[in-house]
Structures are given as structure tokens and as C-alpha cells.
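Colleague: I'm new to this one. Can you walk me through it?
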Amino acid sequence: MLTLIRGLPNTGKSTLAQSIRSNTDVRLETDQFFIHPHTREYCFDMSYLLFAHQWTRQQCKMWLNNRYNVIVSNTFTAFWEIAQYCDLLEGTNISLRIIERTVVKGDNKHNVPVQTIERMKQRWQTKEYILDTINIIYPDIVIADYEVIA
């Protein structure tokens with residue numbers, strides 16, 4: 001199964017992903033790309049963001065191909081971001097689960113600028129839109145669940 005956890009920054013996506021992860025699930029998020037391998041310090045660099053998203057998808061594909069359940073937690077504000085993961089499921093028997101986090105919790109631990117969060121809010125696409133679009137464009141993908149959690 002592929003589980004996508006979507007939500008604005010500071011909604012607890014990473015915490016939720018860790019809490020639902022079993023010992024055999026793989027947990028991925030684009031932020032992992034920016035963690036220094038030796039110091040474990042988070043070092044975000046906007047110039048690498050596109051590459052970081054590509055890296056996350058490649059990791060997801062590799063783990064799914066090796067028959068692991070994968071949990072990806074990212075903002076996924078718009079359908080086109082989710083579609084890139086739906087592409088990985090075409091022609092497979094792997095089902096899709098989407099969890100949406102809606103309530104901002106705690107501090108802005110990655111210091112995402114307020115203007116960036118506002119732009120994300122403006123382009124946010126609803127559960128209904130996401131499900132309808134997946135069903136139209138990817139009719140063979142089995143959606144196991146779409147859950148909204150405050």
C-alpha cells in the first residue's frame with residue numbers, strides 16, 4: 001500500500017507518519033533529502049527542492065517495487081503533486097490511502113515563511129476534487145481510504 005499524508009506545514013504530518021508506521025513500512029518525506037548525513041542537521045536549500053521531490057519519488061518507486069508499504073508525508077497541496085505518485089501505481093495491484101491533516105500544531109519547526117504557507121493555502125485542493133480527479137484520470141487505482149484528521 002502507498003499512503004500519502006498531505007497537509008500544510010506544521011500540521012503533524014511527520015509525527016502521524018511515524019505513529020502509523022509499522023516495522024516493515026518505509027517512511028519518506030522530501031525533508032529527508034535536506035538532512036545532513038553526518039550531523040543529522042536540517043539544511044533546507046530551495047535550489048534543490050525539485051531534485052529533492054524527484055529523489056522522494058524515486059525512493060518511493062524503489063521501495064514499492066520491492067513490495068514494501070510506503071508512507072510519504074509531504075504537503076501535497078494540489079492534485080498534480082499526488083498524480084506523480086499515482087503514476088507509480090499504474091499497472092500494479094498497489095492500493096492508495098490518503099490522509100489529510102487539517103489543523104496547524106505547534107511551532108514552525110522548518111521556519112517556512114508565512115507568505116509561502118499562505119500561497120499553499122490558496123492552491124489547496126479539496127478532498128472531493130482530489131478523489132474525483134483520481135477516479136477520472138486513474139480509474140484502475142484502488143483508493144483504500146481518504147481520511148481527514150484534525
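Colleague: Let's start with E118. Is it buried, partly exposed or exposed?
Modeller: First, a caution: this is a predicted model. E118 counts as partly exposed, at 35% relative accessibility.

Colleague: Which residue does E118 form a salt bridge with?
Modeller: With K121. The closest N and O atoms are 3.4 Å apart.

Colleague: Where do E118 and K121 sit?
Modeller: In helix α4, residues 114–123. They are three residues apart there, so about one helical turn separates them.

Colleague: And how accessible is K121?
Modeller: K121 has a relative accessible area of 44%, so K121 is partly exposed.

Colleague: How many salt bridges does the count come to?
Modeller: Four. Another one of them joins the side chains of R97 and E147, at 3.5 Å from N to O.

Colleague: Which parts does the pair of R97 and E147 tie together?
Modeller: R97 lies in strand β4, residues 96–101, and E147 in strand β5, residues 143–149. So the pair links parts that are 50 residues apart in sequence.

Colleague: What are the relative accessible areas of R97 and E147?
Modeller: R97 is partly exposed at 23%. E147 is partly exposed too, at 28%.

Colleague: What about R27 and E29, how do their side chains meet?
Modeller: In a salt bridge, 3.2 Å from N to O. E29 is buried, with a relative accessible area of 10%. R27 is partly exposed, at 22%.

Colleague: Why can side chains like these pair at all?
Modeller: Because they carry opposite charge, and such side chains can pair when their charged atoms come close.

Colleague: New topic. Which residues touch the most other members in the largest nonpolar core?
Modeller: L2, L4, C60, V70, V72, L96 and I134. That core has 23 residues.

Colleague: Which elements give two or more residues to this core?
Modeller: The strands are β1 (2–6), β2 (26–28), β3 (70–73) and β4. The helices are α2 (49–65), α3 (79–89) and α5 (127–137).

Colleague: Which of them gives the largest share?
Modeller: α3, with six residues.

Colleague: Back to V70. What does V70 touch?
Modeller: Leaving out residues up to four places away in sequence, V70 touches M1, L2, T3, V26, L28, C60, W63 and L64.

Definitions and conventions. Residues are numbered from 1 along each chain as its sequence is written. This is a predicted model: local features need pLDDT of at least 70, side-chain atom pairs count only at pLDDT 80 or more; totals for chains, interfaces and linings use all residues. Side-chain values use heavy atoms; hydrogens and water are left out. Buried means under 20% relative accessible area, exposed over 50%, partly exposed in between (1.4 Å probe, protein chains only). Helices (H or I, at least four residues) and strands (E, at least two) are DSSP runs, numbered from the N terminus. A nonpolar core is a set of buried Ala, Val, Leu, Ile, Met, Phe, Trp, Tyr and Cys residues joined through side-chain atoms within 4.5 Å. Contact means heavy atoms within 4.5 Å.
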